[in-house]
Amino acid sequence: MKGCGGIGKVGLEDVYQLHVNDIYRYLFRLTRDRRQAEDLTQETFFRAYASLDDYHGEKVRPWLFKVAYHAFVDWHRKQKRRPVDYVGSVPERLDASAVDPADQLVNQELWEAASACLERLPEKQRQVILLSAMQFSYAEMAEVLGIGLADVKRSLFRGRQKMRQLWKEEGL
């Protein structure tokens, strides 16, 4: 395949196995719906396979997240003003070391409070914070979101400031 930078049929399966869980978690955090995240994850890998000609040897992970982000944006636009529920459900993983039910409740409440604050951020700030939490570099975030490096840094700085402000306002 032209321009696929060494990703062939066998390599694509390896790429899928390496990144499917991260893509799913990212899309789940965006949609807050397990089923929709699964559908969008499959859509992401379908689009990635279909657009291998557009892959020019860049890092695979940011490229896949860019495809996932665009799949999410397309899905979100189709929802026709139907709001995305970012805090509708608890995270897919609670802290495994929290055996005590009281600890689990505190973790769940903190997660819900953080999610509520995250939901109140502008879309770009929310995106860079999520990608930053997934250990993306500034350059990778810029590539995924299709924005400049300075815009990533500015959005991350402002998003973190706003999160701190919202966190304090909530008394947490």
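Tutor: Happy to! The largest nonpolar core has 43 residues, of which Tyr26, Leu27, Leu64, Phe65 and Leu131 touch the most other members. Such a core is a set of buried Ala, Val, Leu, Ile, Met, Phe, Trp, Tyr and Cys residues joined through side-chain atoms within 4.5 Å, where buried means under 20% relative accessible area (1.4 Å probe, protein chains only). This is a predicted model, with local features needing pLDDT of at least 70 and side-chain atom pairs counting only at pLDDT 80 or more, while totals for chains, interfaces and linings use all residues. Numbering runs from 1 along each chain as its sequence is written, and side-chain values use heavy atoms, leaving out hydrogens and water.

The largest share of the core, eleven residues, comes from α3. The axes of helix α3 (residues 60–78) and α6 come within 8 Å and cross at roughly 40°; helices here are DSSP runs (H or I, at least four residues), numbered from the N terminus, and axes are lines fitted to C-alpha atoms over the stretch in contact, with angles from 0 to 180 degrees between N-to-C directions. On the α6 side, Glu140, Glu143, Val144 and Leu145 make the contact, which means heavy atoms within 4.5 Å.

Now for Val144, which sits in helix α6 (residues 138–145). Val144 is buried, with a relative accessible area of 0%. Beyond its neighbours within four places in sequence, Val144 is in contact with Pro62, Phe65, Lys66, Tyr69, His70, Leu131 and Phe136.

Methods
Helices (H or I, at least four residues) and strands (E, at least two) are DSSP runs, numbered from the N terminus. Buried means under 20% relative accessible area, exposed over 50%, partly exposed in between (1.4 Å probe, protein chains only).
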